[in-house]
Amino acid sequence: MIPTVLQHRPPAPSKLKILDVADRLFYSQGIHTIGVDRIITEAQVTKATFYKHYRSKDLLIVAYVEGRHLRTKYLVDEARAQLCDPADVLRALAALIGRTATRPGFHGCPFINAAAQFGDAEHPVRTAVGRHRTWERALITELVTELGHPDRDDAVDDLILFRDGALSGSNVGDPVLAHRALARAVERVIAEADSGTATIRLTA
C-alpha cells in the first residue's frame, strides 16, 4: 500500500510556477495571444518540464480556469462561513465583485473571457467554464431558495445576468456604476423575498 503522505504529494514547484505565470499572462493579455514559449521563458523552465506537467496548452488553460474557480469558491466559502443570513451573503458577494472590479489590472470576468475565445461549445476549456457556471448557478439558487423568494428561477436568472453585466460593464465602463446596478438588483431580489411579491416579468 502507498503511504498516505505519498498519495497526497503536493504539486512540483515548477508546475505551480508555470500555472502562476500562465494565470497572470492569460488574464492580463488574453489566452490566444500568449504562446507556450512565452510561458516557458517567463517561468524559467525547460520545454521538457512544461510538457511533463502540461501535455498541451489547452490542458494548461483548463488548469487556469479550474484554478480561478477554486479561488472564487474559497472566497465564497469564506463569506458563507462568516454570515448566516442568505441576504447578507448575497450582499457580500456583490461587494466582492465591486472590490474586484475596481482593483488595478482588472480585465473582466476570467470565465467569460476564456469562454469567448473558444467557439466550440464542446472544447475542454468551455467545459471547464461550464462547470464553474453550474456551480455558480447552484450557489445563487441555494441562496435565493433560502430567502424564500416567490419566483426563484427568475430571480436567479436576474442575479446571474446582473453579475455578468457588472463584470463586463466594469471592464469597458465605470466599475462603480456597474457595481451600484448589481447592488440594486440584489436589494430588489431581497425585498421581493421579504414582501413575498415578485416584480412583474415579461414572458416569452
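Guide: pLDDT is the predictor's confidence in each residue, on a scale from 0 to 100. The model is predicted, and local features need pLDDT of at least 70, side-chain atom pairs count only at pLDDT 80 or more, and totals for chains, interfaces and linings use all residues. Residues are numbered from 1 along each chain as its sequence is written, and side-chain values use heavy atoms, with hydrogens and water left out.

Visitor: What is the mean pLDDT of the chain?

Guide: The mean is 90, and 91% of the residues reach 70 or more. Where pLDDT is low, the predicted coordinates should not be read in detail.

Visitor: How many helices and strands are there in the chain?

Guide: There are 10 helices and 0 strands. The C-alpha trace spans about 60 × 45 × 35 Å along its principal axes.

Visitor: Why is Gln44 called exposed?

Guide: Its relative accessible area is 65%, and exposed means over 50%, buried under 20% and partly exposed in between, with a 1.4 Å probe and protein chains only. Gln44 is therefore classed as exposed. Gln44 lies in the loop between α3 (36–43) and α4 (47–53) and has a positive phi of about 55°, although it is not a glycine.

Visitor: What makes Asp58 count as partly exposed?

Guide: The relative accessibility of Asp58 is 32%, so this residue of helix α5 (residues 57–82) falls between the two cut-offs. In the chain of 204 residues, buried ones make up 37%.

Visitor: How do you know that the side chains of Asp58 and His123 make a polar contact?

Guide: The distance is 3.2 Å. A polar contact is a pair of N or O atoms within 3.5 Å; within protein, one must be able to donate a hydrogen and the other to accept it, and residues adjacent in sequence count only if both atoms are side-chain atoms. The pair therefore meets the distance limit. Asp58 and His123 are 65 residues apart in sequence and 9.2 Å apart from C-alpha to C-alpha. Leaving out residues up to four places away in sequence, Asp58 touches Phe118, His123 and Val125.

Visitor: What makes a space a cavity or a pocket?

Guide: On a 1 Å grid over the protein atoms alone, a cavity is a set of points where a 1.4 Å probe fits but cannot get out; a pocket is an open set with protein on both sides within 12 Å along at least five of seven lines, and lining residues have an atom within 4 Å of a point. The largest cavity has a volume of about 30 Å³, whereas the largest pocket has about 730 Å³. Of the 31 residues lining the largest pocket, Thr72, Leu96, Ile97, Thr100 and Arg163 are the closest to its centre.

Visitor: Which helix gives the most to the lining of the largest pocket?

Guide: That helix is α6, with 6 residues. For the lining of the largest cavity, the largest share, 3 residues, comes from α7.

Technical notes
Helices (H or I, at least four residues) and strands (E, at least two) are DSSP runs, numbered from the N terminus. Contact means heavy atoms within 4.5 Å. Grid points are joined across faces, edges and corners, and a volume is the space filled by probe spheres set on the points.
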